[in-house]
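Here are a few notes for you on the charged side-chain pairs in this one. Have the structure open while you read, and look up each pair as it comes.

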Amino acid sequence: MELTLIGLLLINLGLLVILIARKPVARVDTTKLEERLIRVEGQLDKLTPKIEDAFRENRREITTNLQDSRKELSDNLQLIQKTVDTRVKSLQDDNSKKLEEMRLTVDEKLQKSVEERFNNSFKHISGQLTQVYQGLGEMRNLAHGVGD
């Protein structure tokens, strides 16, 4: 049993030696990789200024767009302010007109009320004066009657 194991081990060892001898170890060709890396670096070096130019151009465009947007917003805000001012002025004018109309109406009603009260008071005073004159007339008649 031990001999069969030793025999199998020797056979495996022999096969391993044959396999190693037949197939050489694959080596990586670093020169090709280095050349490729150099080419990629060269392409990156060529692209870097273009990328930087594109970033600068994009930055300029964004800045211009932002400035245009600010101006447009400012113009819109001024337009809104003018519209609000116009509407407020219109409301003030309407309110002034309505207040004037209300004042005139109140003045008319007050004038009418004062005239009515004045007329009623005048009638009342006239009636009382008439009664006083009548009373004086009766007193005169009595005084005449007493004198007779």
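1. Start with Arg56, which makes a salt bridge to Asp53, with 2.6 Å between the closest N and O atoms. Keep in mind that you're looking at a predicted model. Both Arg56 and Asp53 sit in helix α2, which covers residues 30–147, and they are three residues apart, about one turn of the helix.

2. Buried or exposed, or something in between: where do these two fall? Arg56 has a relative accessible area of 42%, so it is partly exposed. Asp53 comes out at 44% and is partly exposed too.

3. Next, find Lys89. Its salt-bridge partner is Asp93, and the closest N and O atoms are 3.5 Å apart. That still counts, because the cut-off is within 4 Å. Lys89 and Asp93 are both in helix α2, four residues apart, which is again about one turn. Lys89 is partly exposed at 47%, and Asp93 is partly exposed at 34%.

4. Now the pair Arg103 and Glu100: their side chains meet in a salt bridge, 2.4 Å from N to O. Why is about one helical turn between them? Because Arg103 and Glu100 are three residues apart in helix α2. Arg103 is partly exposed, with 40% relative accessibility, and Glu100 is partly exposed at 36%.

5. Back to Arg56 for a moment: salt bridges with shared partners link Glu52, Asp53 and Arg56 into one network.

6. How many salt bridges turn up in the whole structure? The search finds seven, among them Arg56 with Asp53, Lys89 with Asp93 and Arg103 with Glu100.

Note on methods
Residues are numbered from 1 along each chain as its sequence is written. This is a predicted model: local features need pLDDT of at least 70, side-chain atom pairs count only at pLDDT 80 or more; totals for chains, interfaces and linings use all residues. Side-chain values use heavy atoms; hydrogens and water are left out. Helices (H or I, at least four residues) and strands (E, at least two) are DSSP runs, numbered from the N terminus. Buried means under 20% relative accessible area, exposed over 50%, partly exposed in between (1.4 Å probe, protein chains only).
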